[in-house]
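Hi,

Here is the structure I promised to pass on. Have a look at it first, and then read my notes below.

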Amino acid sequence: MTDADTPLIECRNVWKVFGERAREAIASIRERHLGKREVLTEFGCVVGVHDASFALKKGEIFCIMGLSGSGKSTLLRLLNRLIEPSLGEVLVKGRAINGLSKTELRDLRARTIGMVFQNVALIPTRTVLENAAFGLEVQGIPAAERRRIATDALSRVGLGDWLDRYPRELSGGMQQRVGLARAIAADPEIILMDEPFSALDPLIRRQLQDEFRALTKSLGKSAVFITHDLDEAIRIGDRIAIMKDGAMIQVGTAEEIVMNPADQYVADFVAGISRIHLVKAGSVMMPPADFTDAPTAALEQTGLDADIDALIHLVLASPHGAVAVSEDGDLRGVVTARTLLEGLKGDHAPVAGAA
Amino acid sequence: MDLTAFIKDFDKAIDSAMSWATDHGGLLFDLVRAALERFFDLVTSGLLLLPYWAAALVAGAIAARSLGWKAGIATAAGLAFCQMMDLWSETVETMCLVLVSVLLAILIGAPLGILAGYRPRLSQTIDPVLDLIQTLPPYIYLLPSIAFLGYGPATAIAATVIVSVPPVIRLVAHGFRSTPVEFVELGEATGTAPRDAFLKIRLPFALPSIMAGVNQSLMMAFGMVVIAGIVGSGGLGETIYGAVRKLDIALSVNAAIAIVILTIIIDRISQSAAAHRRPA
């Protein structure tokens with residue numbers, strides 16, 4: 001009964017408070033707006049997830065970014081009920097998973113939601129192929145069939161020649177590819193990624209980030225991706241949620257978050273991010289009326305989604321030092337060298353109604 | 001209340017409980033005794049069917065396979081030496097006492113260990129009992145055994161089982177408890193049924209610890225089997241006990257050497273089995 005608009009995963013006001021007096025703690029957090037530390041001293045409870053709500057759309061890669069202890073891993077585990085929420089509900093394809101029976105839950109985890117772990121968790125006594133086929137094996141799929149599927153999944157991640165090796169013979173990056181192959185072999189619609197690339201060196205990490213994004217998109221999968229690295233979130237995510245102390249303090253596209261940080265915490269995070277490919281014309285233009293140096297009709301035209309890199313080229317090439325931004329033939333704004341510099345610096349207030 | 005009186009009452013209660021058990025459980029104990037002796041006789045006579053040189057060759061081959069050819073030759077030579085000291089049948093009997101006891105210890109200890117590994121609460125109740133078993137002097141266990149089962153190998157086996165069960169329980173529990181958390185999660189997140197999670201995830205990680213438990217159990221059993229010579233266990237333990245009583249130093253030294261040879265062989269082979277099971 002799921003149509004295209006039903007989110008694959010929907011989190012509705014989900015709380016996770018660890019400790020015996022979780023209910024009391026949640027009640028007083030609501031009434032008295034207690035912070036993490038007060039909850040710990042008053043109730044001896046640890047707030048894992050604080051009233052989180054979000055929806056994962058079909059085909060989307062949703063990144064959850066936060067530092068260690070921000071509750072991102074707890075939140076991820078609430079999505080396949082490895083952890084039970086204290087309050088609120090999680091819906092997968094429109095169905096509340098809190099009420100699922102053990103068998104239904106196993107089925108959901110086996111077929112609908114795959115998971116990739118930070119430390120890969122390849123069983124050392126099994127070959128690469130046997131590891132990749134693990135999910136299929138415990139689903140009771142016949143040996144020949146699972147061999148075929150797992151081989152296919154492994155060649156998709158570039159490990160077609162490593163089937164009979166053991167995990168210890170593989171580099172960290174290759175091991176994580178096996179982890180990914182194991183997840184996609186079961187053909188789930190949703191893949192939960194728990195900081196899968198954190199332990200890899202930067203070059204391999206970038207490569208895997210790009211491959212992961214391309215693979216997910218080409219297979220038509222959706223993913224929730226946990227990371228502590230904002231660069232990674234921007235590279236991979238269609239949307240990003242920033243978590244702090246268990247709460248989602250901002251959800252949006254990379255550009256929205258970089259251009260309009262919700263608070264100082266987010267602003268500090270995005271301060272070091274290169275905006276050159278991230279920020280689009282819509283965020284750095286001024287209203288057409290403010291541009292008086294030349295008639296706007298004389299300017300070169302570009303779209304709302306031209307990035308700063310492209311805009312720099314256009315502005316430099318223009319005799320008027322400016323470029324007009326239009327959408328469907330309507331003039332929406334003007335980008336000049338000045339607005340570009342302001343956009344790069346980060347305190348530019350975008351024009352009303354800009355994307 | 002007077003403490004000495006209380007202690008006297010307590011001792012009396014224990015005594016009468018023991019005699020009640022021997023009076024009323026006679027049939028049960030007879031059955032246990034018969035079963036243990038029959039089992040022991042079966043294994044021993046089976047092994048004694050092999051002439052000593054064939055047994056030495058087989059043992060040597062096993063040692064060579066798991067430990068290398070030097071160990072293989074040493075094993076075969078060691079067992080041949082036992083024959084030269086004219087202690088071959090005693091050596092085989094001791095070996096069988098140990099094997100039968102450890103087999104029973106595994107049958108009792110492994111299920112308990114698995115349960116304790118899965119349930120930390122159960123572990124907390126079992127641990128003090130195991131501590132108690134391991135701190136009491138081992139020959140204490142000969143007393144109830146001899147009271148219930150009489151003089152003979154059945155008593156030796158029963159007492160040896162008591163002593164060799166704790167390491168099995170402890171190390172099996174440890175093995176199942178120490179599955180890395182990400183692998184437990186892997187099982188859950190892939191929708192693995194509990195039986196598969198046990199066989200395909202927990203067991204491979206537990207195997208090294210289980211094998212270490214078997215090795216420890218074997219070593220405890222060797223210690224006890226010699227002490228059990230006092231209750232007519234048969235084998236080298238009884239040879240030593242008899243030699244000590246007659247002050248036959250030469251014989252007691254020979255028997256001691258045979259025990260050392262046997263213990264080292266079993267220890268090294270079972271240890272290498274544990275090492276082979278270790279995931280890289």
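This is a predicted model: local features need pLDDT of at least 70, side-chain atom pairs count only at pLDDT 80 or more; totals for chains, interfaces and linings use all residues.

Let me begin with helix α1 (residues 3-24) of chain B: its 22 residues should span 32 Å at 1.5 Å a residue, and because the end C-alpha atoms are 31 Å apart, the two values agree. The expected span here is 1.5 Å times one less than the number of residues, and helices are DSSP runs of H or I with at least four residues, strands runs of E with at least two, both numbered from the N terminus.

Residues are numbered from 1 along each chain as its sequence is written, and chains are lettered from A and ligands numbered from 1 in the order in which they are written.

Chain B as a whole has twelve helices and zero strands. Its C-alpha trace spans about 70 × 65 × 30 Å along the principal axes, and 40% of its 280 residues count as buried.

Now the interface: 17 residues of chain A are in contact with 15 residues of chain B, contact meaning C-beta atoms, placed from the backbone, within 7 Å. On the chain A side, α4 (102-111) and α6 (134-138) each give two or more residues, and α4(A) has the largest share, four residues.

Best wishes

How values were computed: A residue is buried if 20 or more other C-beta atoms lie within 10 Å of its own, exposed if 12 or fewer, and partly exposed in between; C-beta atoms are placed from the backbone. Two residues are in contact if their C-beta atoms, placed from the backbone, lie within 7 Å.
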